[in-house]
Amino acid sequence: MAKKETLDYGKLKKELKDAGPQRVYLLYGPEEYLREDFVTLLKKTCLPDGEDDFSYKRLNPDGFSARAFEDAVDALPFLTERTFVEVRGVDLNRQNEREADKLVKQLSDIPDYCTVVFVQDAGYEPDGRKKLIKAVRKYGRDVEFTEQPQTSIVKWVRKRFAAHDKAIDPDTAEYLVNYSGRLMQQLIPEIEKVAAYAPGQSITKADINAVASKSAETAVFELSDQLAARNYDGAARVMGELLGRKDTEPIMLLAMIGNQMRNIYAAKLAEVERRDRAYITAVTGVRLDFLVKKLQNNAKKFSISRLERAVELCAETDFAMKSSGAEDEDLLKELLVKLAFDG
């Protein structure tokens, strides 16, 4: 898997300040907090006096069409220099050919006074083969809001706690990021909970353990730790936590567990072949050093044959979930027993 370029958000904001807004933007990616922050910044830049019915138009999937888009784009500004058209959740990959052709033509002729921003949900991936996506990239800018570097997130976490009149040292801030997730949108409620709970001025790891939510990814890493140690009771406890989460379904958990076992297998091959961390990142797509180190530590505790079998078992369970009448949770529990004792 090719390594994605990490967005330099500071550079993006500086470009907007120095060069002004472009005519077209496509905004997507997992880091929703920064995406929404940039939408707000764009809107303030285009409409410094705020929204009104003439200068600001918002289009949603219901009722979206090339005609509605044309009407919004062609609206003249009134008592302001620019107009701002915000298109939310409209899947540009799935527009039919006739609509796509009309939209491509319209994108080629956006007025100088207008900025159009297509805002997509976190799971969206633009299909670069589509003519509409090609047009957006030709006439404007697509921006993927990627996970931010660990150092940047830690600095941001410390600032958020400071806004609550709480202090947190870098090591403890990093612990929270590793515990609750690396996306800012995930971390905001956790920061608020911990800040409200902590009795002292300084945040401690005990405060985090007491009230913060563990991310599913963190739990999956913990599950692999327990499996590596052949601790079935510990692995069962973590699996119970994962199955009890409201934000994950068994099929999603299986995908995460399968991906984790494949990544550890890749780290094991890197160990045997004396490859460096860059190789693991290139193969797995895992970019953060502390996560690569966790994969390497897990890999040391597994044999290649056991990891090969683990990958096979995950694939077999996936097939069973999609083809058998068995309950998904039961299949996951059965997988856990096999992962703990096979190999």
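The accessible surface of the protein chain amounts to about 17,900 Å², and 49% of this area belongs to carbon and sulfur atoms; accessible areas come from the Shrake-Rupley method with a 1.4 Å probe, and for residues only the protein chains shown count as cover. The structure is a predicted model, in which local features need pLDDT of at least 70 and side-chain atom pairs count only at pLDDT 80 or more, while totals for chains, interfaces and linings use all residues. Residues are numbered from 1 along each chain as its sequence is written, and side-chain values use heavy atoms, with hydrogens and water left out.

Of the 343 residues in the protein chain, 46% are buried, where buried means under 20% relative accessible area, exposed over 50%, and partly exposed in between (1.4 Å probe, protein chains only). The C-alpha trace spans about 70 × 55 × 40 Å along its principal axes. Among contacts (heavy atoms within 4.5 Å) between residues at least 6 apart in sequence, 77% join residues at least 24 apart. The chain holds 16 helices and five strands; helices (H or I, at least four residues) and strands (E, at least two) are DSSP runs, numbered from the N terminus.

The five strands of an open sheet follow the order 2-3-4-1-5, with parallel pairing; two strands pair if DSSP finds at least two bridges between them. Strand 2 (56-59) and strand 5 (141-144) are the edge strands, each pairing on one side only. From one strand to the next, the twist averages 15°; angles run from 0 to 180 degrees between N-to-C directions, and axes are lines fitted to C-alpha atoms, for helices over the stretch in contact.

Strand 1 (residues 24-28) pairs with strand 5 in the parallel sense over four bridges. Within this pairing, Tyr28 has Glu144 of strand 5 as its bridge partner, and Leu27 has Val143. Strand 1 is also joined to strand 4 by four bridges, again with the two strands running parallel; here Val24 stands opposite Val116 in strand 4. Five of the five residues of strand 1 are buried. Both faces are covered, with Val24, Leu26 and Tyr28 on one side and Tyr25 and Leu27 on the other.

Helix 2 (residues 32-46) touches strand 1, strand 2, strand 3 (83-88) and strand 4 (114-119), and its direction makes about 155° with that of strand 3. Helix 5 (residues 131-139) lies across strand 1 and strand 5, running at about 120° to strand 1. Leu34 is found in helix 2 and counts as buried because its relative accessibility is 6%. Not counting residues up to four places away in sequence, Leu34 touches Tyr9, Phe145, Gln148 and Met184. The C-alpha atoms of Leu34 and Met184 are 7.9 Å apart in space, although the two residues are 150 apart in sequence.

Thr83 lies in strand 3 and counts as buried because its relative accessibility is 2%. Apart from neighbours within four places in sequence, Thr83 is in contact with Leu47, Phe54, Ser55, Ala75, Leu76, Pro77, Tyr113, Cys114 and Thr115.

Helix 12 (residues 250-272) and helix 13 (residues 277-284) pack at an angle of about 150°, and their axes are 10 Å apart. Their crossing is right-handed; a crossing is left-handed if the near helix is turned anticlockwise from the far one by less than a right angle, and right-handed if clockwise. In this contact, Asn263, Ala266, Ala267 and Ala270 of helix 12 meet Tyr279, Ile280, Val283 and Thr284 of helix 13. The residues of the contact divide into six nonpolar, two polar and no charged, where Ala, Val, Leu, Ile, Met, Phe, Trp, Tyr, Cys and Pro count as nonpolar, Asp, Glu, Lys and Arg as charged, and the others, Gly among them, as polar.

Arg274 lies in the loop between helix 12 and helix 13. The phi of Arg274 is near 60°, a positive value in a residue other than glycine. Most residues other than glycine have a negative phi. Arg274 counts as exposed because its relative accessible area is 80%. Asp165, in the loop between helix 6 (150-163) and helix 7 (170-180), has a positive phi near 60° and is a residue other than glycine. Asp165 counts as exposed, with a relative accessibility of 57%.
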